[in-house]
Amino acid sequence: MKKLIFMLLVLSFSALALSTSAAEITFAVLSDIHSKPDPLKNALIDLKSINPDLTALILNGDTVDLGQPEDYAKISSCLEENASLLPEIVIKNMGNHEFYQEYGRGPNSRKSNDILIARYLDFSSRVMVYDDNWINGYHFIHLGSESTYNKYVDSSTVRATISDEQILWLEEKLAEDYTVGRPIFVFLHQPLDNTVVFSHYYRYNINKDQIIRDIFAKYPEIIFFSSHSHHCFELPGNFYTDPSGFKCVDTSSVSRPTYIDTKEGVEKEWGPSSEGVYVEVFKDKVVIKAREFKKAEWIKDAQFVINY
């Protein structure tokens, strides 16, 4: 009888240990799909095999290649047809390609810029290009460019244009129910300069880069997910820790991971490959893992652990 009681106690403590070490939430960040439903579907299948109970999926911009109805239709159909593979929460952030009408056309007018934003808002079920939500007590903040490739605002074809209003909103949201040592997840398609790889090569990614950096410096709990570069995880540079404490993560690309050939000084395709990020949030740490979806494998030496 004593032996039985001892075994039951051991099992109870084992179960308790397992429960306390389980992730509180899990989410994936996919980006730069560029209107290609096949690699998106393959990524969703792989994520489902990893974790059937994924908490959330974040599509972090350049989900479409052009901001045309047919581009959104391709991705919307893929998501609808594979609804059984999706978590309950699916978040769709703005990229720079959502602002493109056709290649070689030139900068957008104010009118066409508004049309392209309206299409994105309909796709994302939002009222603004920036938004936030709370998931099991964790704050998710989603920034978004309000104009890209607009000759009246910014001649850059790729830069994120963030308004003063959005900056004030960001400051308010970061302060909202802020808890020291509790992770805050922030998303924007474009990276901060001189953080993750490619942000060194392509400068001026965000019109208010220094302002946002100064705000982030007040919150070492921030983990900032950016995309845009397509940079593969097999080579270093997708993770960055700022001296102030906040972290930056580049999410590669579902449709076309790339790298910089330093000898030739040009961008080249890595692959064929398909990559993204899988995140586990525990009480005392956040584990970020890079995934190669074509091979259904974790990418060696591309795991980032943040302890709190």
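Helix H2 goes past helix H3 in a right-handed crossing, the term used when the near helix is turned clockwise from the far one by less than a right angle. The model here is a predicted one, in which local features need pLDDT of at least 70, side-chain atom pairs count only at pLDDT 80 or more, and totals for chains, interfaces and linings use all residues. Residues are numbered from 1 along each chain as its sequence is written, and side-chain values use heavy atoms, with hydrogens and water left out.

Two numbers sum up a helix pair like this: packed helices are described by the angle between their axes and the distance between the axes. For H2 (residues 37-50) and H3 (residues 69-81), the angle is about 25° and the axes are 10 Å apart. That makes H2 roughly parallel to H3, a label for angles under 35 degrees. The axes are lines fitted to C-alpha atoms, for helices over the stretch in contact, and angles run from 0 to 180 degrees between N-to-C directions. Helices here are DSSP runs of H or I with at least four residues, while strands are E runs of at least two, and both are numbered from the N terminus.

On the H2 side, the touching residues are Pro-37, Leu-40, Lys-41 and Leu-44; H3 brings in Lys-74, Ile-75, Cys-78 and Leu-79. Contact means heavy atoms within 4.5 Å. Ser-35 is buried, at 6% relative accessibility (buried is under 20% relative accessible area, exposed over 50%, partly exposed in between, with a 1.4 Å probe and protein chains only). Beyond its neighbours within four places in sequence, Ser-35 has contacts that include Leu-66, Lys-74 and Ile-75.

Then there's the sheet. It is open and has six strands, running S3-S2-S1-S12-S13-S14, with mixed pairing; two strands pair if DSSP finds at least two bridges between them. S3 (89-93) and S14 (297-307) sit at the edges with a single partner strand each, so one side of each has no neighbour in the sheet. From one strand to the next, the twist averages 20°. S14 pairs with S13 (residues 285-292) in the antiparallel sense over seven bridges, and Lys-285 stands opposite Asn-307 in S14.

Thr-241 belongs to strand S8 (residues 239-241) and is partly exposed, at 42% relative accessible area. Not counting residues up to four places away in sequence, Thr-241 touches Phe-246, Lys-247 and Phe-304. From Thr-241 to Leu-66, the separation is 175 residues in sequence and 33 Å in space, C-alpha to C-alpha.

Conventions. Angles under 35 degrees count as roughly parallel, over 145 as roughly antiparallel, 65 to 115 as roughly perpendicular and the rest as oblique.
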